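Subject: Structure handover and notes

Hello,

Here is the structure you are taking over. My notes follow it.

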Amino acid sequence: MSARLTHLQALESEAIHVMREVAAELSRPVLLFSGGKDSIVLLRLAEKAFRPGCFPFALMHVDTGHNFPEVIAFRDRRVAELGERLIVASVQESIDRGRVAEERGPRASRNRLQTTTLLDAIAEHGFDAAFGGARRDEERARAKERIFSFRDDFGGWDPKNQRPELWNLYNGRIRRGEHVRVFPLSNWTELDVWEYIAVERLEVPSIYFAHEREVFARDGMLYAHSEFVQLIDGEQPFLASVRYRTVGDMSCTGAVRSSAADLDSVVAEIAATRVTERGETRADDRVSEAAMEDRKIAGYF
Amino acid sequence: MSLASAGLLRLATAGSVDDGKSTLIGRLLLDSKQVLADQLQHVEEASRRRGAGMVDLSLLVDGLRAEREQGITIDVAYRYFATARRTFIIADTPGHVQYTRNMVTGASTADLAVILVDARKGVLEQSKRHAYIATLLGIPHLVVAVNKMDLVGYDEETFDAIVRDFCDFARGLSARDIVYVPISAKHGDNVVERSQHMPWYGGASLLEHLETVEVADDRMAGDARFPVQWVIRDHDADFRGYAGQLAGGVLRPGDDVLVLPSGARTRIERIETFDGPLEEAFAPLSVTVLLEDDVDVSRGDLICHPGAPPQLAREIEATVCWMADAPLRAGARYAIKHATHAARAIVDEVVDRVDVHTLTPDPQADRLGLNDIGRVRLRTSRPLAFDPYARNRATGSLILIDESSNDTVGAGMIAGGAPEAPAP
């Protein structure tokens, strides 16, 4: 046996430690599971942290109603396989109850609306900690965020007033109404996640692999032609071999041209890419220089 | 706690505002081809908007809106890059605002610190403070990067004088390994590629050094320390396991073990993971330990070998970095977290405060203010099973928490303690 850990073993061990600390120090945690690759890794880490016991938390998906059907099918299959409990918080219900109003027009997205649904669900269930799959390499504001990231009673993040986080001593103390977002994958990169998926032989939704899809070009990205997006004059759907690097709404997640049809080719493609995953595929980050920071301050994932 | 491995090096960078630290990190990322096209395009646009002639590489790392607007760094930022040889995590600690607090945070998990010195200014008080804090936090490897060599004509004598100054100062520090590299972060000399401008320098470039420095994991060689985090039960399978991350040494099935603070003795029946049982578990692996006897073990307890236990004490002395506006004074009470153990503590005495200018202790001090460092005597509500910080960073560290605000207000490195009287 090797006396040293590979970097993936070191990251895994750190993440398991973080998850167990949350289970021990907070009374009602929840794990946010979207069916995307990062939260798929979170679920495996939860198995490593708590099996043969049950997870000491439920799983929750904030469902915008605009998800890829392949991802929803995968989500339900994976949850059933684990035998754990899934809560679905629905953006459609938030709209129906008048908590949020649907955006209009060809660029309408439910991305921002998710924040209200998420915060309402956290309050309704009394969750005091929510695991998320966010990574610091994803985006500039996230590079500054703690592993235990404190949220005030409005769900907001104050980037200038974060608790110091020393050694592996996490401070999970909060007051009623406040909660912490916990990011066990903080120190992982996109490539680490894919290598881990390959090492652990984890199943991921089929849209991560190259497939034929009807897409159209907008703002330099390729979007799926679906009932959730209105075409603007001149936009012509066409068939292309694409895959997704991130899993979000059909309305704001772009596909990349790819022929990577299996895990090894995806890992090779990510290792060689010259563009970040959010830069390449997420319209939600392109709104302004500080788009992610602004949404996080408001309580986003 | 550090997670050094052949594959992963955690480093912290320290420097003053104008030492070019962000530029250095930007250069490392750029020249090791870790900056992707959209990030570079973003930085080029931002540099143009700010009227900078060259691409301002510091814009790659300053993440928050206020930082970009004010051209400062507010908080510790973490950066990731990999070469064919190693994966790196950089904790980039800002040099001015709340400087001690940020540097201590970034340094607490680092195996190596890069300290920037401006070649034109030489070894300033601030550089000494950075080196002092890095060694205080137990970082075994220091790199003194003498930056802006282009502005002193790549002069060998200037570099040598700085090395001599720093060596004189460093004799008083416990750093085991200090390496000096002359660089220009702006132009890339000796950052990734060796410089054509300094043929007199025969050493490795900064990145070559980071890729090859031998980061021995002392914790594996140390005594076994297993703080219990969580008890895993499965009633159907009659499974009761103690989950945690090894904080030192090696455990094997069949080992005789001691549980602290109770003093119970038993043996390890087996060591489990999701991927199956292990023949041995070493720090910093996260595992689940099953014991032969039905002894009372819960979160906060520590499992070790009976021949090499940690110290057990309620009265301890620790060096504390204070991180709150309201000063720490004798008589104050705090919640503390030590390994997986929560307790309360009373400050019995502020022993001294280090003068951050002269780096000498002032025994007259009776309080620690924001960003001060000093020795403190604490009395805890329950005994702590600890090692001196110099022996084990994981079992020798603690945080102090204000019970009314819940804020983390202090970082403590335990020096020693008064032994507990044996139970009657």
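Two strands pair if DSSP finds at least two bridges between them. By that criterion, strand β11 (residues 256-260) of chain B and strand β15 (residues 302-304) of chain B are paired, with three bridges in the antiparallel sense. Within this pair, B:L258 stands opposite B:C304 in β15(B). Please keep in mind that this is a predicted model.

The sheet around that pair

β11 and β15 of chain B are neighbours in an open sheet of seven strands, in the order β7-β15-β11-β12-β14-β9-β8 (chain B). The pairing in this sheet is antiparallel. At its edges stand β7 (226-227) and β8 (230-234) of chain B; each has a single partner strand, so one side of each is left without a neighbour in the sheet.

Chain B overall

Chain B has 424 residues, of which 50% count as buried. Its secondary structure consists of eight helices and 24 strands. Among contacts in chain B with a separation of 6 or more, 69% are between residues 24 or more positions apart.

The chain is divided into domain 1 (8-216), domain 2 (220-304) and domain 3 (311-418). For domain 2 and domain 3 of chain B, the centres over C-alpha atoms are separated by 28 Å. Between these two domains, 13 residues of domain 2 of chain B are in contact with eleven residues of domain 3 of chain B. On the domain 2 side of that contact, the residues divide into six nonpolar, five polar and two charged.

Other strand pairing in chain B

A second open sheet has six strands in the order β2-β3-β1-β4-β5-β6 (chain B), and here the pairing is mixed. Its edge strands are β2 (77-82) and β6 (177-182) of chain B, each of which pairs on one side only. From one strand to the next, the twist averages 25 degrees. Strand β5 (residues 141-147) of chain B runs parallel to β6(B), and six bridges join the two. One position to look at is B:V143, whose bridge partner in β6(B) is B:V179.

Chain A

Chain A is divided into domain 1 (7-192 + 290-297) and domain 2 (204-283); note that domain 1 of chain A is given as two segments. The C-alpha centres of these two domains of chain A lie 24 Å apart. In the contact between them, 21 residues of domain 1 of chain A meet 18 residues of domain 2 of chain A. The elements giving two or more residues to the domain 1 side are α2, α3 (69-82) and α6 (190-200) of chain A. Of that side, α3(A) provides the largest share, three residues. By class, the domain 1 side has seven nonpolar, eight polar and six charged residues.

The contact between the chains

How many residues of chain A are in contact with chain B? There are 49 of them, and they contact 58 residues of chain B. On the chain A side, α1 (7-25) and α2 (37-50) of chain A each supply at least two residues. α1(A) gives the most to this side, with ten residues. By class, the side of chain A that touches chain B has 19 nonpolar, twelve polar and 18 charged residues.

Two further points concern α1(A). The helix has 19 residues and reaches 27 Å from its first C-alpha to its last, close to the 27 Å expected at 1.5 Å a residue. Of its 19 residues, 16 are buried, so α1(A) is largely enclosed by the rest of the structure.

Regards

Definitions and conventions: Residues numbered from 1 in each chain as written. Chains lettered and ligands numbered in written order. Predicted model: local features only at pLDDT ≥ 70, side-chain atom pairs only at ≥ 80, totals over all residues. Contact = placed C-beta atoms within 7 Å. Helix = DSSP H or I, 4+ residues; strand = E, 2+ residues; numbered from the N terminus. Nonpolar A, V, L, I, M, F, W, Y, C, P; charged D, E, K, R; others polar. Domains from an automatic or database assignment. Axes fitted to C-alpha atoms, helices over the stretch in contact; angles between N-to-C directions. Buried ≥ 20, exposed ≤ 12 C-beta atoms within 10 Å, placed from the backbone. Expected span 1.5 Å × (residues − 1).
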